[in-house]
Amino acid sequence: MRFADVILPLALNQTFTYLIPEDWRDGLSQGHRVLVQFGQRKIYAGIVWRIHDDAPSYDVKPILDIEDELPIVTSTQLQYWHWLSDYYMCSMGEVLNAALPAAFKMQSETVVRINPELEFDEGELKEDEFMVYDLLLKLESLKISDLGKQLNWKNPMPVIRRMYAEGYVNLDEEVKGTIKPKTERRVRWPEEYKDELAEDAFKQLSRAKVQSELLLAYFQLRESEGTPWVREKVLLDKAKANRTTLKALIDKGWLEELSFPVEPPKIEVSKGDVILTDDQLKSVADIQEGWMEKSTSLLYGVTSSGKTEVYFHLIKQQIEQGRQSLFMVPEIALTAQMTQRLQNQFGDDVAAYHSRMSDRERLELWERMLDPERRPRVILGARSSIFLPFDRLGLVIVDEEHESSYKQFDPAPRYQGRDAAIILAHYHKAKALLGSATPSLESYHNAEVGKYGYAELKTRYSGVRLPVVEAVDIRKDTARKQMHGPFSPRLLEAIKEQLEAKNKVILFQNRRGFAPVIICQSCGHSEQCVNCDITLTYHKYSHQLRCHYCGYSIDPPQRCNSCGSFELKMQGAGTEKIEEELQLILPQARIARMDLDATRKKNAFQKLVDRFERGEIDVLIGTQMVTKGLDFDDVGLVGVLSADSLLNFPEFRAHERAYQLMSQVAGRAGRREERGLVLIQSFQPDHQIIQQVTTYSFEEMFREQRADRKQYHYPPYHRIVHIEMRHVKVEVVSDAADFLAGRLTSIFGKRVLGPEFAPIARVRGQYHKRIIIKLESGINLAKAKGALQTEVKRLQFHPQHRKVRVYFDVDPQ
């Protein structure tokens, strides 16, 4: 007998062994997707991890079905998944869940039906049982999840279990259907027929004029397209015929039909080879020299220095060698603009992959990646693109490598996309290139100590000068009451000058919504989220107070819910309020917002970018979205409305992030002939980070922040692991956190900090407590992680603490 260890999409740190039925022993291999039963009822699609002859000591269930002809996951992928689960301290099942497109993840759902074989009096039923029974009489069957929604019950399971035990209902498992790739029908002249038989065909069709014309159109298209298989739609359009006529020809045997996966449209290369400047050629040489000894290089290039052209040059070299390239960007929103540039350069060898794509689109690209004849050579993607089934991967580029968007927060695996991409390159024996105008402190440190190769581009492309950066002291303007809402006189004057000169303006405010808080002027009360320890933000476009963590929303109160006062005042300014106030000041200006609320719909972001590029928008107000790699012409001014909110964040990376954000948004200005202007409003304009931004002193910022990190035991000198603990009751999570922290302190000593409440103590109804572990360089990381996992398991066996949810966040951001 042969057995298969199967990875199931569950947060359990093990694989599960199943018997391979005799008929499938030769056809099953590692990476196949199989359907298996888990527990008494549930059915899941899992991935075969290992095939072996080691019979377990318990009765083994058989594999129910093999879902695909060929494996959908490669052996290299599985090794990579194992590394991810090991390093980021999660299960292989959680990695599988993150990696596979939804269309591959099949599982059964429990369906409730009335038991037709049991006769009983409806009067026997309790009130809640009768509500279920009455609903099932109308609908015949219902999924348990839908039943809860229909009856507005949070948890219908106790009632269902009771009814099942008494025989009133049956429970069945139904497997959700999977999405199939989009296909198209094609026709051909039967392969066994010689072309001489065409004359016989036309004679037979002499009285069927439309069919004869359709067959003639087929031969013409076969000749012009150079392929025997002609797409049905193209054929019918050419012959001006319908499906009925074509079916008659197929029934007579003169054509045969087959379904094929829909091919992406052919894209012609519209631009010639990239011609590099001397500076860019030197950076390419430095990158390749670094690759001779190290697998990873860092490209430090100021904004608008032409890093993208360097990337394209290196990708072209990989294509010439028959190898694939992965080009990663931090935001899904950036993929549309970059896809266009890549397709102009490399045609239909380019494909994009990210989580905003439909399930069908992601499935189709995955299957293209597995097909040697259709496999794209260049993949552009956000962080989830690291999970694709690459073959002959030669180059991994991580653009804007400093971005925190590369970090996955929830659910597990909580991986850092940049670091995971470097390891992906290692598994494929490929090279990795990290690029940024403001490299992360860790990456720049690794380049300095010789772990990474290093190249730089210190001047802008075509000699364009870096913008002038000026700090605006709004303390004086506020004291003199000269501020116009969030706008200083200096900023307003600069905006008017740029608009008169027909230039565009970008304003950066790192807060969406209209007003962050509505406060009662009598008692100081503000409306809080019922699920989270956070105030509700007012959104004017929907006229709602909304929580940005759980989505809870209410209508704005007319009077204070605490004291009854009508004196309610909005404080602070989000992007909506800034847009409204600026429109009142400059009624002729065309103003738009770029934030999460304005770009929720599919393609909304790209439409906004296109409008700004075409000059249909004069002033673009945005959150972090405007800082991330967008390339606009004619931006004369960039304004940072509140630098202080960036500087005063309680996090060890706050100053580094503030420098990066301000420098990146400043880089949107003056990207062509004219020198741009950047104005940074602050109550503390002399702050060293603001001064470093104004003087482009990246190295100075790096050395100051690195010295602080060394003193206080932070990366790159120490690794950090967060142990996050959650429960709906504050006393339960506090007791469990104290117990675990005590156990860990006895092992790790002063390396353990906490437990403390997270910055936002309650989110989605659960209280969060955090223990921080700082591990110095040189410590046995595997051994330390093993000790952490052992203590967490010990906690979960404790009767008072086992209901507390615990998870690890390695290298938190």
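Is phenylalanine 104 buried or exposed? Its relative accessibility is 2%, so phenylalanine 104 counts as buried. Keep in mind that this is a predicted model.

Now, the aromatic rings. A search of the whole structure finds 27 aromatic pairs. Let's take two.

Pair one is phenylalanine 104 with tryptophan 366. The ring centres are 6.0 Å apart and the planes sit at 70 degrees, so this pair is edge-to-face. Over 60 degrees is the cut-off for that label. Where are the two residues? Phenylalanine 104 is in the loop between helix H2 (92-99) and strand S6 (108-114), while tryptophan 366 is in helix H13 (residues 359-370). So the pair ties together parts that are 262 residues apart in sequence. Tryptophan 366 is buried too, with a relative accessible area of 0%.

Pair two is tryptophan 189 with tryptophan 254. This one is stacked, with 5.9 Å from centre to centre and 10 degrees between the planes. Tryptophan 189 lies in the loop between strand S9 (183-188) and helix H6 (198-204). Tryptophan 254 lies in the loop between helix H9 (243-251) and strand S11 (256-261). Here the pair ties together parts 65 residues apart in sequence.

Last stop: the surface. A patch of negative charge gathers Asp121, Glu122, Glu124 and Glu166 there. Look at glutamate 166. It sits in the loop between helix H5 (157-165) and strand S8 (169-175). Its relative accessible area is 38%, so glutamate 166 is partly exposed. Thanks.

Conventions: Residues numbered from 1 in each chain as written. Predicted model: local features only at pLDDT ≥ 70, side-chain atom pairs only at ≥ 80, totals over all residues. Heavy atoms only, no water. Patch = residues over 30% accessible without salt bridge, like charges linked within 9 Å, V, L, I, M, F, W, Y side chains within 5 Å. Areas by Shrake-Rupley, 256 points an atom, 1.4 Å probe, with all protein chains shown as cover. Salt bridge = Lys/Arg side-chain N within 4 Å of Asp/Glu carboxyl O. Lys, Arg positive; Asp, Glu negative; His and termini not counted. Charge placed at Lys NZ, Arg CZ, Asp CG, Glu CD. Helix = DSSP H or I, 4+ residues; strand = E, 2+ residues; numbered from the N terminus. Buried < 20%, exposed > 50% of the residue type's maximum accessible area, 1.4 Å probe, protein only. Phe/Tyr/Trp six-rings, centres within 6.5 Å; stacked < 30°, edge-to-face > 60°.
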